[in-house]
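Entries follow in the order I made them.

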Amino acid sequence: MLSDGSGDWQPTAALDILKLRARILERIRAFFFERGVLEVETPILSSAATTDPALASLSTRYTGPLFPHGQTLYLHTSPEFPMKRLLAAGAGSIYQICKVFRDGESGRLHNPEFTMLEWYRVGFDHHRLMDETGELVMQLLASSLSLQAPEKLTYREAFIRHAGLDPHRATAEEFARAARDHHIDVPRRLRGHDDLAAWRDLLLTHLVEPGLGQGRLTFIHDYPAAQASLARVQPGDPPLAARFELYLNGVELANGFHELADANEQRTRFERQLHARTVAGLSAVPMDAHLLAALTHGMPDCAGVALGIDRLVMLAAGARSIAEVIPFPIDRA
Amino acid sequence: MATYSTNEFKAGLKVMLDGDPASIVENEFVKPGKGQAFNRVRIRNLKTGRTIERTFKSGETIEAADVVDMEMQYLYNDGQFWHFMNPESYEQLAADKNAVGDNAKWMKEQDVCIITLWNGVPLVVEPPNTVTLKIVETDPGLRGDTSGGGGKPATLETGAVVRVPLFIQNGETIKVNTRTGEYISRA
């Protein structure tokens with residue numbers, strides 16, 4: 001395209017912030033080097049995609065040697081599946097810093113491609129990994145923010161504190177009443193519906209999240225089993241997912257699991273998610289057979305977490321939007 | 001019926017909300033990493049001027065409002081209506097008190113205003129950001145004062161009252177910011 005004479009060629013991030021970003025990446029690598037965690041790289045392109053109905057994969061096509069008639073390849077939404085194959089192959093604790101891709105996500109805190117730090121710790125459960133995540137983030141932010149010691153809240157405690165209800169027991173009517181009491185507008189498509197996961201997300205985003213991570217890191221853990229994603233589920237009433245999220249200044253920074261290692265359970269979740277995609281009218285995608293084979297072979301007991309680097313830099317820089325910390329967001333890419 | 005999906009939301013988009021035309025002021029995409037995406041929208045009802053917050057599930061649609069913004073020249077007021085002319089087509093139309101509202105005090109003949117039309121009827125009249133108006137009444141001030149601090153009220157030819165520096169005199173012409181109602185400079 002010819003120049004339109006506008007300033008759109010210029011970066012949206014100040015050069016000082018890009019320098020801060022480079023320092024943060026350097027310190028992350030030093031942190032893992034000291035702890036003997038191995039840096040790895042896995043493919044961005046995959047013949048399989050995530051089945052999670054909340055994530056939309058971008059796709060492209062390769063044609064050439066090996067695939068003379070062309071092959072659809074999906075851009076990863078996180079490097080989770082190939083990293084788990086490395087764990088199953090005996091790599092030990094590993095980390096990766098890479099670009100990941102999500103269709104349909106753009107806004108103040110979202111860009112369709114963003115930088116993720118993902119790491120796996122063999123022999124850790126999600127509580128030990130929360131502790132390590134806290135240490136890393138506190139170190140990275142030490143020169144920018146003065147924070148109190150991190151806190152851990154269960155998903156239930158966070159909802160009781162900020163929304164005044166028990167997210168595991170509340171009915172759709174009770175979620176609707178809490179929304180009304182807090183003057184939260186309910187989307188037309190949610191009114192009268194008992195999609196409890198969507199109700200929880202409405203109150204989470206509008207009411208709970210803004211109060212999390214004020215002056216300290218807040219870890220939320222023990223998620224409803226329906227939102228387990230790839231975490232182990234501990235049986236009980238209610239059953240709870242060994243999943244956690246990290247928040248600072250109301251911004252979601254990281255998501256981690258005590259990783260599901262059971263191949264049969266993994267296959268069941270893939271199938272359930274593919275069914276949910278069909279019901280929601282989303283495209284069918286191929287599930288990752290390599291991951292299932294690796295889990296069948298055996299993956300060591302481990303916990304893993306993914307942390308958004310752009311949002312971390314935002315918080316370190318005191319920036320309000322992701323465009324202030326990446327040089328060229330999607331509308332200038 | 002034209003509609004917009006949440007992906008088309010941006011500031012300034014004109015939509016129908018509860019039967020009234022409205023304008024999106026701010027659109028925020030919110031989504032938990034593993035959860036439902038929403039659009040939190042601040043939206044201004046163009047008939048009442050009230051701004052409210054609404055939330056949409058991403059992917060929902062909303063009816064488009066048949067609203068257009070046009071630049072038109074203000075001609076005169078007949079005591080009931082404000083009359084405007086399209087400087088290209090010479091087409092004329094009249095706006096009532098609801099559309100003009102408080103902006104009446106900035107309206108000077110020949111100035112080019114932005115008229116928001118809904119189904120062809122003027123809904124909102126916005127004067128230029130900066131207008132140049134003559135002072136018809138102000139107390140004589142101290143000639144030595146150039147600081148701009150303090151100031152005094154001055155009545156303008158259109159009836160608006162603004163604070164001006166003490167050195168500004170009756171009969172002078174000044175520039176005023178119509179969005180803030182503040183004096184900018186001598187014209």
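**Helix pair in chain A.** I started with helix 1 (residues 15-34) of chain A and helix 3 (residues 126-141) of chain A, which pack at an angle of about 140° with their axes 10 Å apart. Axes here are lines fitted to C-alpha atoms, for helices over the stretch in contact, and angles run from 0 to 180 degrees between N-to-C directions. Helices (H or I, at least four residues) and strands (E, at least two) are DSSP runs, numbered from the N terminus. I noted that Ile24(A), Arg27(A) and Phe31(A) in helix 1 meet Leu136(A), Gln139(A) and Leu140(A) in helix 3; contact means C-beta atoms, placed from the backbone, within 7 Å. By class, that contact has four nonpolar, one polar and one charged residues. For the classes, Ala, Val, Leu, Ile, Met, Phe, Trp, Tyr, Cys and Pro count as nonpolar, Asp, Glu, Lys and Arg as charged, and the others, Gly among them, as polar.

**Ground rules.** This is a predicted model, where local features need pLDDT of at least 70, side-chain atom pairs count only at pLDDT 80 or more, and totals for chains, interfaces and linings use all residues. Residues are numbered from 1 along each chain as its sequence is written, and chains are lettered from A and ligands numbered from 1 in the order in which they are written.

**Helix 9 of chain A.** Is helix 9 (residues 309-317) of chain A enclosed or open? Seven of its nine residues are buried, so helix 9 is largely enclosed by the rest of the structure. Buried means 20 or more other C-beta atoms within 10 Å of a residue's own, exposed means 12 or fewer, and partly exposed is in between, with C-beta atoms placed from the backbone. Among the buried ones I listed Asp310(A), Arg311(A) and Leu312(A). The cover includes helix 1, helix 3 and strand 12 (302-308) of chain A. Gly318(A) follows helix 9, with a positive phi near 70°.

**Core.** The largest nonpolar core has 117 residues, and Leu203(A), Leu307(A), Leu312(A) and Val125(B) touch the most other members. Such a core is a set of buried Ala, Val, Leu, Ile, Met, Phe, Trp, Tyr and Cys residues joined through C-beta atoms within 7 Å. Strand 10 (residues 240-248) of chain A gives the most to this core, with seven residues. Leaving out residues up to four places away in sequence, I found Leu307(A) touching Leu117(A), Leu253(A), Ala254(A) and Leu312(A).

I get one helix and 16 strands in chain B. Its radius of gyration is 21 Å, well over the 16 Å that the globule rule gives for 187 residues, so chain B is more spread out than a compact globule. That radius is taken over C-alpha atoms, and the rule is 2.2 Å times the number of residues to the power 0.38. The contact takes 16 residues from chain B and 23 from chain A. Strand 5 (51-57) of chain B gives the most to the chain B side, with five residues.

Most residues other than glycine have a negative phi, and most peptide bonds are trans. I flagged Leu66(A), which has a positive phi of about 85° and is exposed, with 7 other C-beta atoms within 10 Å. Asn119(B) has a positive phi of about 50°. I also marked the cis peptide bond joining Asp237(A) and Pro238(A), with omega about -5°.

Methods:
Two residues are in contact if their C-beta atoms, placed from the backbone, lie within 7 Å.
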